[in-house]
Amino acid sequence: MAAPNRRGGSGRKKIVIRRIEQEDARFVCYSKRRQGFFSKATDLAVLTGAQVAALAFSPRGRAFSFGHPSVDSVVERFLAGEAAGAGTREEGAADDRLLTGEGAAGEDEKLEKLQQEFDELRTELAELKKRTKRTDKAMAKERSAGDQIAAWFDPKARDMGDEDMAAFFAALMQMKDASPIAPTRFCSRRCTPT
């Protein structure tokens, strides 16, 4: 049996690794290979459960990173030289930075902003509670005066009996009949009066 006739193609050849001289080609190569690099780092983390950090700076100086569980935790573990117990280090890392004063100005700014947001939300909640209380009092007053419509807005409207439901339906039908707006029919193209 004879070997198949093959054309003299180049196939897979080893390429010489050296700097790409054309700037545009270098940027394109960086983008494509960066995606592959991060894909391999992701695969390593998922398949083996390893803690992985990958960091790349573009030719223009932009930083790109991937980390599992996070870049900071892996780098801190590497710098600390720990072989085990990274979980407790990761949880206490933010507290350690605050206690040692690292980035204290930035942390103080963030904390102040969060405190301000918290105060605004607390004020808004207090106003909403007051408004709800006033509305509930007014509705209770109208209900006690015998206003049927106010009774329908009772939070316990599910407990309406058959007579109340019939009265509610009759009132809705009266409102529909008295409405000056003609009913409309909806179609797929536009809303047209019937």
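Strand β1 (residues 52-57) and strand β2 (residues 63-68) run antiparallel, joined by 6 bridges; two strands count as paired if DSSP finds at least two bridges between them. Helices (H or I, at least four residues) and strands (E, at least two) are DSSP runs, numbered from the N terminus. Between the two strands of this hairpin sit 5 residues, and Gly61 takes a positive phi near 100 degrees there.

A quick word on where all this comes from. This is a predicted model, so local features need pLDDT of at least 70 and side-chain atom pairs count only at pLDDT 80 or more, while totals for chains, interfaces and linings use all residues. Residues are numbered from 1 along each chain as its sequence is written, and side-chain values use heavy atoms, with hydrogens and water left out.

Zooming out, the protein chain has 6 helices and 4 strands. From the N terminus on, these elements run α-β-β-α-α-α-α-α-β-β. Of the 194 residues in the protein chain, 12% are buried; buried means under 20% relative accessible area, exposed over 50%, and partly exposed in between (1.4 Å probe, protein chains only).

Now for the inside. The largest nonpolar core has 8 residues, namely Tyr30, Phe38, Ala41, Ala45, Val52, Ala54, Ala56 and Phe64. Both α1 and β1 supply at least two residues of this core, with α1 giving the most, 4 residues. A nonpolar core here is a set of buried Ala, Val, Leu, Ile, Met, Phe, Trp, Tyr and Cys residues joined through side-chain atoms within 4.5 Å. In soluble globular proteins, nonpolar side chains tend to be buried together.

Tyr30, one of the core residues, touches Ala56, Phe57, Ser58, Pro59 and Phe64, if residues up to four places away in sequence are not counted. Contact means heavy atoms within 4.5 Å.

Leaving aside neighbours within four places in sequence, Phe37 is in contact with Ala54 and Leu55. Phe37 and Ala54 are 17 residues apart in sequence, and their C-alpha atoms are 8.1 Å apart in space.

Across the protein chain, 17% of the contacts between residues at least 6 apart in sequence join residues at least 24 apart.
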